[in-house]
Amino acid sequence: MEPILKVDNINVYYGSIHAIKGVSFEVNQGEIVTLIGANGAGKSTTLNTVAGLLHSKTGSITFLGENLGHLPCHKTVSKGLALVPEGRRVFLQMSVQENLEMGAYTKPGSGVAADLEHVYELFPRLKERMRQTAGTLSGGEQQMLAMGRALMSHPKLLMLDEPSMGLAPILVEQIFDIIRSLHKAGTTILLVEQNAQAALSVADRGYVLETGKVVTTGTGAELLASPIIKKAYLGG
Amino acid sequence: MEFLSYLISGISLGSVYAIIALGYTMVYGIAKMLNFAHGDIIMVGGYISFCAMNYLGLPSIVGIILAMLVCTVLGVVIEGLAYKPLRAAPSLAVLITAIGVSYFLQNAALLVWSAAPKVYTPIISGSLSLFGGALKIPYVSILTVVVCLVIMVALTAFTNMSKMGKAMRACSEDKGAAQLMGINVNATISMTFAIGSALAAIAGVLLCSSYPTLMPTTGSMPGIKAFTAAVFGGIGSIPGAFLGGLLLGIIEAMAKAYISTNLANSIVFAVLIVVLLVKPAGLLGRYVPEKV
Ligand SMILES: Nc1ncnc2c1ncn2[C@@H]1O[C@H](COP(=O)(O)OP(=O)(O)OP(=O)(O)O)[C@@H](O)[C@H]1O
Ligand SMILES: [Mg+2]
């Protein structure tokens, strides 16, 4: 079966800085795939390039059989891509509900009410706070909001950039529970994490990035067991 | 009674400032730039409506609509040609460009309409007599205040309730995140310029109806005052622009009446400085530290 996302030999630059050097990877329908790597390895850059916020100088990004080329970011959303960016980036001055509505920007208005209900079911804490401005939410609640907002567009591929960043262990647990349940419900997920242990234990497959290159790949279990990975990313 | 009539003329002038300030503030909120050419759009609006009414003999309402259309197109074209290529440029470069556009518009007007002042025919004349004629309120003042209130309410409803308006707020907070929602940021910025410029056209007609001397530089002083009003109220804030505009108009009218006509402008700016010393973000603005 064709992979849902196929990234082939992308090279991404910030001015003269060569951040991504010939990265290739694939995500299959229904999988959780994780990209792990140290700070500055190029994980966020890779996700932002898939989302269309940045563009590659070479190679191709094929999503659902279509080459995204230099499609601007705002058009990738209706193709079925959604990115929960690093640092959440919810709209702090808008209410919880308005943030979620923004997530459904590309959708016809008729389905929005049902989708809101669905997201509120997934994140009951958001429902209690639907009229509050997002800036008054705690970090964990903001992360839930960012994920809920992305789900409002019914993504065929959900990309999460460090969803556990800065959260207390109990909340990290919760976020990963949600990732598992989304996976069970059939969502395909591309997950970037610092927390390699947690990411590899939910992932079907993983890719390890180092200074802009893929250095290792394998199933979640393989990578978890690999002594090199253990040493470099799992604290011994 | 005298006081009342000064107050009313202040509110009316302030309403014009408020309408102009709304354009400044919306563009600032979304494009994060000071569009110094905004004042000159007012002047263009004045000339277009003048020509439509005086040379083509069209009814004033048609003149107003024509002015709005021309200014809307002009605003969008200016944004697309002059500002859009500078989206990633430092803000100083954008500011200098805006000043350049302002001079360009003034000089273009000089070429087309010459420096000789035109006498604008108010779109509505006469006044309302109250207290047996002791207080006369020009109809144009009443119209100005009403128009300003309607615009204010409509704009607030638009930004809070409509999908496009919400998208504008999203863009003003975080353009990257807005794109991730599927919002076309460039189209949203164009839309903002379109709305701001249409408002400038209305302001031009109202301004010239109250102060009927029309010259290529007609827009610059009200433009700067309205910018001051926007900063005064808190730039980026729609109610702030409204409040700032009104207060500025009233202060100016009172200073003219009770202190000195010549000092009025200095007093207006002195008040601005004091307000900014006490509240750096303006009356209704929120102080957001610049992210680095
Ligand atoms: N806006 C930018 N301008 C210039 N260089 C950048 C920019 N953003 C990232 N880089 C550089 O690109 C490289 C990859 O950065 P990226 O943010 O993708 O790393 P990351 O793997 O997501 O790291 P982290 O785990 O810290 O989030 C880094 O060397 C970084 O310094
Ligand atoms: Mg990152």
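In the second largest pocket, the element that gives the most to the lining is α9(B), with 3 residues. Helices here are DSSP runs of H or I with at least four residues, and strands are runs of E with at least two, numbered from the N terminus. A pocket is an open set of points on a 1 Å grid over the protein atoms alone, with protein on both sides within 12 Å along at least five of seven lines, and lining residues have an atom within 4 Å of a point. This is a predicted model, in which local features need pLDDT of at least 70 and side-chain atom pairs count only at pLDDT 80 or more, while totals for chains, interfaces and linings use all residues. Residues are numbered from 1 along each chain as its sequence is written, chains are lettered from A and ligands numbered from 1 in the order in which they are written, and side-chain values use heavy atoms, without hydrogens and water.

The lining of this second largest pocket comprises 15 residues, and those nearest its centre are B:Tyr17, B:Leu207, B:Tyr211, B:Pro222 and B:Lys225. The pocket holds about 290 Å³ of space, a volume being the space filled by probe spheres set on grid points joined across faces, edges and corners.

The interface joins 18 residues of chain B to 22 residues of chain A by contact, meaning heavy atoms within 4.5 Å. Together the two chains bury about 2,000 Å², 60% of it on carbon and sulfur atoms; buried area is the accessible area (1.4 Å probe) lost when two parts are put together, summed over both. Of the area that chain B buries against chain A, 36% comes from B:Glu173, B:Leu180 and B:Met181, more than from any other three residues. The interface has 3 salt bridges, each with a side-chain nitrogen of Lys or Arg within 4 Å of a carboxyl oxygen of Asp or Glu. One such bridge links B:Lys166 and A:Glu101 (2.5 Å, N to O).

A cavity is a set of points where a 1.4 Å probe fits but cannot get out, and 2 cavities of 30 Å³ or more are found. The largest cavity, of about 50 Å³, has B:Leu180 and B:Met181 in its lining, along with residues of chain A including A:Val77 and A:Arg149. The second largest cavity has a volume of about 30 Å³, and its lining includes B:His38, B:Ile78 and B:Phe193.
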